[in-house]
Amino acid sequence: MSLLPFLAVAFGIGGLSLLTRGQGRTSATIGIAGLAMATLAAAFIGPDQPLTVADGAIAGSAFARLFLLLGCVTGLLLCLAAGATTWSRGFPGATLIGLGGAGLALGLVDTGTAIAAATAGAGAGILLMLARPVSPRSLVVAARELRALVVAGALGLAAAAAVAGPLAAVRLNPELIGLAYLAFATAVAIRFGAIPFHLWAARVADAAPEIGLPLVMAWCPAAFATVALAWADGAVAPLAQPLSLERGLVLAIGAVTVALGAAAAFVHDDLEHVVGYSIVADAGIVILGLAALDPAAWEPTRTWLLAFVAGKSAFAGWAAALGSTFGTRKLSELRGWARRSPILGIALVAIAVAAVGLPGMAAFGARVSLIDLAVDGPLVTLLVVAALASLAYYGRLLAAGLLAPGAGPVAAAPDAPTRYRDPLTATLLGDAIAAISARRAPVAAGAVLALAAIALAVAGGGLGVREAAASLPPSVGAPAESFSPP
Amino acid sequence: MNLALGLVAVVVVAGGVIATASRDPRAAILGLTLAGVAAPLVADPLPEALPLAARFVGAILGGYLLWVSIRGQPSTRGSRLGWPVEALLAAAAGVAGFGTIGIVFPGLAADVLVGRADVVAPREALAAGFATGALAIGPIFAGRDVLRLGTGLVLAVLAAQLARTGLAGSPSGLEQVITAGLVVSVSGIAATLAVGAVESGSGLEPSAAARPAAGPAASELPPIEPDEDGGFLGRFRPRSAGRRSLPGR
C-alpha cells in the first residue's frame, strides 16, 4: 500500500513530463517537481502486507524504499548538475518512469509481472538517446538498446514461467531448470551489457547523455537483476539441482566482465566510455551473485546493487560536470583538471573510495563475499584482484588531473565564473535559477560532491543499506520483512 | 485439445504472419494489432473483462502509435522469404510448441492420455507462443527497418506472454494490465524511432553512419551553438572561445 503513492507520482508526473518534452522548460519544471514529490513518497514506503490488485499483489519493502529514495535523490542531483552544465531533454521524466517501473518490479509478488514492469519502465531511458535533432547514429543505437531490452525481458518471462508454474516442483524436467536459469542470467547479462553482450552498451555510451547513462545502464538493469535474484533464490535454489555447467557459464560471463570491463575503462580516452565500461565492470559482480546460486548471496548481492547504482550515478555526474566545465571529454586534453577544479578532484577521490572500497565497508565486504561464494581456491584471489583493478582507471583519471595543465582547454578555463542576470527571470524562482546560472561550474561540482558523498555513505553501509539488503522480497501470506540478517 | 482456443491461436499466428511478411506498413500494423488483440484470448480460463479490455486497448493503442509514425511511408522491408515460408515456419514452430509440454513436464502427457491428470495450462497457448516467437526472430535480428524491428519486438512480447500462459496458466489481471503497458511502451518507442528515422531523411531504415568510437578531439569539432529551446537553464556555453562540445549534445 505504501508503494502506491510513489507509483502514482512516478507514472503520472513522469508521463506528463515526457508528453511535454517538446516544451523544454515546462517539461523540466514538471519533471523536477515530480522528482521532488517522488522523493517524499519514497521516504514513506515501508514493509507492509501485500495489497491485492486484480488478482496480483504488490507491497513495499525496506529495499524498495532505499532503492527508490536513492534513485530520486540522485536523479534530482543529476538534474542540478545537468541544469548547470548540459541539459538533457526529458531526463527528469524518463528518470521518473524508469524508477516507477523499478518500484513496480520491486513491489510485485509475481516474478513474471515484475519482469514485464521492469522491462516496460526501462523503455523510457531509450528516449534520452533521441534528443533532437535525431542523428541516424543515435537511432541505430536506440534501436539496438530497445532490441536488447525486449529480448532480455522475453527471455526472463519465459524462464520464470517454466520454473514458477504449478507443475514445476513435481514434474519439471531437471535439465530445463538449468536452461531456464541460464536464460534468466543471460537476460541480466544482456541488460547490463556484460561481456560478450557489451558492444551495444559501448554504443549507448556514445548516444546517451552522460547523466542518462546511470538510468539506462545501472538503475533499470539493477531492478531487473533484483527480480532475477529473487527468482533464483525462491524458485531455482530450492529445487536443489547442481547446475554445474550452467553456473560455470554464468560465472565465466561475470568474471570476464569484471576483468575486461575494468581493462576497457582503463584504456579508453573518452570519459563517456570510461564511465560506460566502469558500469559494465561493476555489473560483473552482480552476475557473480547470480552465479553463486546460494541463499548466502542474497544480502551481499543486494548490498552491492545499492552501492553500484549510487556510485555509478556519482561517476556519471562527475564526468558530465568535468566535460562541460572544460569543453572536452577526452582525457588526453584534460591535463591538470583537478588543479583547476579541486571540488571535482575531491569528488573523484570519494567516488573511487566508494567504488573500490576499503576493508570494513559494506560494498567491499559484499564484493569479497560474492567472489568467495562463486568460486574456490586461487580463483578467489584472481577475481578479487580483477575487481580491485578499477583502482587503475580511477588513478589514471586523478593522475591526469594532478599534472600541470598544458596548452589546452583546461589552461584556457577562466579563473572566475561568468555572472549574468536575466531580467526575464527576476522572480523568486527566477532568482534561484539565475543564481545557478551565474555559477554553473561550482553548482555542478557541488552537486557531484553531494552525489559522491551519498555513494560513499551507501558503500560504507550507511543509510540502512545492510537492513534493506537483508530484507526479503514481498510475498503473499508473509510479512515483507520477516527475515533477520545473521 | 480445445478447438476454440486452437482457432484463436491460429488467428494470433495469422496476424503475426501478416505483420512480418507484408511490405505494406499499414497491413503489417493491422496484422500486429490483430495478433495483439487475439493473444490474451488464448487462455483457459479467459481473463476477466477489465484486464481483457486493458489488453485490447494496449494492442490497439500500440498499433495506432505505429500507424501514426509511418504516415507517408509507402513500404516497409517485409519478409524476403515471403508469406508462405513465414507461415510454414510458424506452423512448424507451433507443432513443436504443442508437443513441448511433454518435454518440459515429462510424464504429464501420458498421464493426461490415461486420464490421471489434467493439463493445467492450455497447450494451444504454448503452440501460439512458439509460432509467434519463431516469426519474431527474423525482424528482431535482421530488421534494419525500425517498423519491422518494432513489429518483431511486439511479437516477442506476445510470444513470451503466450508461452508463460502455456507453461504456468492464465496470468493475473494485474499482469494483463502491465503486459498491455509493455506493449504500448515497446510500440511507442518503436514509433518514436520511426518518426526520427523519417525526419532524418533515411526512410524507415536509419543508416549506421558511425561516429568514431572515441569521439573526435575537441579541436576538430565545430563551435557550440546556443540551444534552441533552452532546456532547464539553457545549454551550457563554455566561456572560453576555443572550447568545443561533442556533437549531438
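Let's start with helix α1 (residues 4–19) of chain A, whose 16 residues reach 22 Å from first C-alpha to last, close to the 22 Å expected at 1.5 Å a residue. The expected span is 1.5 Å times one less than the number of residues. This is a predicted model, in which local features need pLDDT of at least 70, side-chain atom pairs count only at pLDDT 80 or more, and totals for chains, interfaces and linings use all residues. Residues are numbered from 1 along each chain as its sequence is written, and chains are lettered from A and ligands numbered from 1 in the order in which they are written.

The buried residues of α1(A) include A:Phe6, A:Leu7, A:Phe11 and A:Leu18 (20 or more other C-beta atoms, placed from the backbone, within 10 Å of their own). Their cover includes α2, α3, α4 and α5 of chain A.

Two helix pairs come next, with axes fitted to C-alpha atoms over the stretch in contact and angles running from 0 to 180 degrees between N-to-C directions.

| Helix pair | Axes come within | Crossing angle |
|---|---|---|
| α4(A) and α5(A) | 7 Å | roughly 170 degrees |
| α12(A) and α13(A) | 10 Å | roughly 180 degrees |

α4(A) and α5(A) are therefore roughly antiparallel (an angle over 145 degrees). Their contact has 12 nonpolar, five polar and no charged residues. Among those meeting are A:Ala94 and A:Gly98 in α4(A), and A:Ala114 and A:Gly121 in α5(A).

The crossing of the other pair makes α12(A) roughly antiparallel to α13(A). Here the contact has 13 nonpolar, four polar and three charged residues, including A:Glu272 in α12(A) and A:Lys312 in α13(A). Residues are in contact if their C-beta atoms lie within 7 Å. Ala, Val, Leu, Ile, Met, Phe, Trp, Tyr, Cys and Pro count as nonpolar, Asp, Glu, Lys and Arg as charged, and the others as polar.

Key
Helices (H or I, at least four residues) and strands (E, at least two) are DSSP runs, numbered from the N terminus. Angles under 35 degrees count as roughly parallel, over 145 as roughly antiparallel, 65 to 115 as roughly perpendicular and the rest as oblique. Two residues are in contact if their C-beta atoms, placed from the backbone, lie within 7 Å. A residue is buried if 20 or more other C-beta atoms lie within 10 Å of its own, exposed if 12 or fewer, and partly exposed in between; C-beta atoms are placed from the backbone.
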